[in-house]
Amino acid sequence: MKRTYEEINQKIKKGDAVVMTAEEAIELVQREGVAKATKEVDVVTTGTFGAMCSSGAFINFGHSEPPIKMTKVWLNDVPAYTGIAAVDAYIGATELREDGNMEYGGAHVIEDLIARRPVRLRAISYGTDCYPRKEIDTYISLMTVNQAYMFNPRNAYQNYGVATNSSERTLFTYMGKLLPKFGNATYSSAGQLSPLLKDPHLRTIGIGTRIFLGGAQGYVAWEGTQYRTTTPERNGVPIGASRTLAVIGDLREMSTEFVRALTYHKYGTTLGVGIGVPIPILDEDLMRSAAVRDEEIFAPVLDYAVASRDRLPIHEVSYAELRSGSIEISGKRVRTSSLSSYAKARQIAETLKDWIQKGEFLLTEKVASLPEERSMRRLDMRSREEVS
Amino acid sequence: MAVRKYLLTFTPENVSEPITYRLVKEFDLMVNILRAEVDESGGRLMIVLEGSGMQIERAVRYLEASHVQVQELKEYIRKDEARCTHCGACISICPVRAFVMDGKTFKVSFLNEKCIACGMCVDACPPGAIRLRAQV
């Protein structure tokens with residue numbers, strides 16, 4: 001049983017496509033088996049909503065009179081990167097105000113923009129013949145700027161480690177608040193709903209894949225940073241952090257429902273981003289992987305008391321165990337918290353399903369594949385000679 | 001039987017009064033101290049009083065007569081539903097399981113009656129949906 005993108009898109013246009021969320025596909029495969037489910041289903045939709053630090057937005061402010069070549073820019077007092085053309089800037093989600101306040105950062109600027117709230121723009125310049133102005137202090141909004149688009153170098157991690165803390169003190173990490181002596185454990189994947197876990201070798205996901213991004217239609221732009229394919233697998237799914245996506249989409253079409261500023265106490269700010277990817281069911285293999293369940297997806301438990309890149313997994317747990325509310329670590333029941341919202345992941349998968357069923361969202365065949373082999377490199381102290 | 005939560009504020013003058021002893025001995029109340037703090041401005045005591053409604057009312061009148069400021073804490077923590085993303089970061093850090101993840105909807109609800117006002121959830125909430133209503 002084979003199916004092509006063209007066939008699927010024809011069905012979507014006619015309103016005949018059979019679309020299911022990953023949760024519904026799991027049920028169907030359990031009930032009917034892979035062969036029958038493959039015949040029945042055209043597209044499986046996925047979703048995830050979680051903290052995605054490597055996020056940000058490019059903005060073109062338009063020219064002032066007289067014009068200015070902005071060398072330093074602050075948006076609501078958060079610095080934006082301006083080492084690009086005169087009135088372009090990139091605001092990163094984790095950039096903080098310079099007063100050391102961790103409660104408001106680039107993520108909040110992005111959320112304010114999407115919420116159509118005014119944002120104060122301050123910029124300074126050294127002044128040039130063509131750009132004589134040396135400073136500007138004004139307000140912008142999503143309505144006044146030329147372009148505002150999200151470009152996130154690393155989103156939608158394919159699986160991730162579970163965090164816990166063996167030390168005597170509370171740790172404040174990007175995996176949330178970790179209580180002393182294995183007081184809790186946190187995890188951050190939508191598991192059986194998570195996009196890259198449903199097509200684990202990215203047969204259908206690559207450059208140009210149209211996706212759900214922050215409530216709008218966006219695209220996969222590139223491999224994400226820290227993309228790696230060497231993570232061991234179980235049930236065909238990587239156990240731990242593996243592939244990632246760089247994604248792009250128009251901020252103007254997004255919604256604060258799916259783009260939310262987050263603050264991790266004593267760590268910093270980050271952006272909660274909602275991503276959904278449609279998986280075309282081209283054959284039985286894709287149906288099989290799209291129907292992988294939480295029971296079959298595993299993650300390593302890492303001790304964040306070890307402040308090293310070489311943390312060894314102390315345990316391995318399935319998402320079904322994680323979602324049950326507690327896991328066992330060295331004979332102790334440890335309560336679990338999710339950092340990614342399963343409720344929103346489900347909402348995203350359902351929204352994407354709805355768009356496809358209504359014919360508003362067509363599937364794209366990837367323009368180029370993401371790497372099949374990529375390992376993670378480390379940053380070590382090296383001399384000039386060692387790197388040349 | 002009634003269970004009520006109070007924030008008592010003491011002046012430097014009455015901070016040494018054996019208030020809790022009297023609440024137990026004279027008013028026959030079950031007293032559970034949630035938080036206690038003393039500094040140069042006086043003291044703050046967060047307690048749960050358990051007894052009949054009448055007993056608690058009498059005890060409150062006694063406290064007020066002793067110049068202790070009494071504030072009932074009906075709602076110490078407030079969860080902003082519009083801000084909450086239902087991630088669940090609050091679930092495992094709450095010592096009394098006042099936050100519950102619904103197994104069907106995967107939405108998080110807050111059970112005010114279970115809350116002991118420890119405040120541990122406040123800085124654990126990434127979208128900032130959990131706020132304190134009273135400071136201790």
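Buried means under 20% relative accessible area, exposed means over 50%, and partly exposed lies in between (1.4 Å probe, protein chains only). Keep that scale at hand for this tour.

**Before you start.** This is a predicted model: local features need pLDDT of at least 70, side-chain atom pairs count only at pLDDT 80 or more, and totals for chains, interfaces and linings use all residues. Residues are numbered from 1 along each chain as its sequence is written, chains are lettered from A and ligands numbered from 1 in the order in which they are written, and side-chain values use heavy atoms, with hydrogens and water left out. The model scores ipTM 0.95 and pTM 0.93.

**Stop 1: between the chains.** Select Lys177(A) and Asp123(B). They form a salt bridge, with the closest N and O atoms 2.7 Å apart. The term means a side-chain nitrogen of Lys or Arg within 4 Å of a carboxyl oxygen of Asp or Glu. This pair crosses from strand β13 (residues 176-178) of chain A to the loop between β7 (108-110) and β8 (130-132) of chain B. Helices (H or I, at least four residues) and strands (E, at least two) are DSSP runs, numbered from the N terminus. Why does Lys177(A) count as buried? Because its relative accessible area is 10%. Asp123(B), at 25%, is partly exposed.

Now select Glu111(A), Asp112(A), Arg117(A) and Arg83(B). Salt bridges that share partners join them into one network. Over all chains, the count is 31 salt bridges.

Stop 2: Select Arg346(A) and Glu23(A), a salt bridge with N and O 2.8 Å apart. Arg346(A) sits in helix α8 (residues 342-357) and Glu23(A) in helix α2 (residues 22-32), 323 residues apart. Both residues are buried.

Glu24(A) is in α2 and Lys353(A) in α8, 329 residues apart. Glu24(A) is partly exposed because its relative accessibility is 29%. Lys353(A), at 16%, is buried.

**Stop 3: a sheet in chain A.** Show the open sheet of six strands, in the order β25-β24-β11-β14-β27-β26, with mixed pairing. Two strands pair if DSSP finds at least two bridges between them. The edge strands are β25 (315-318) and β26 (326-329). Finish on β11 (residues 162-164) and β14 (residues 185-187), which pair antiparallel over two bridges. There, Ala163(A) stands opposite Thr186(A).
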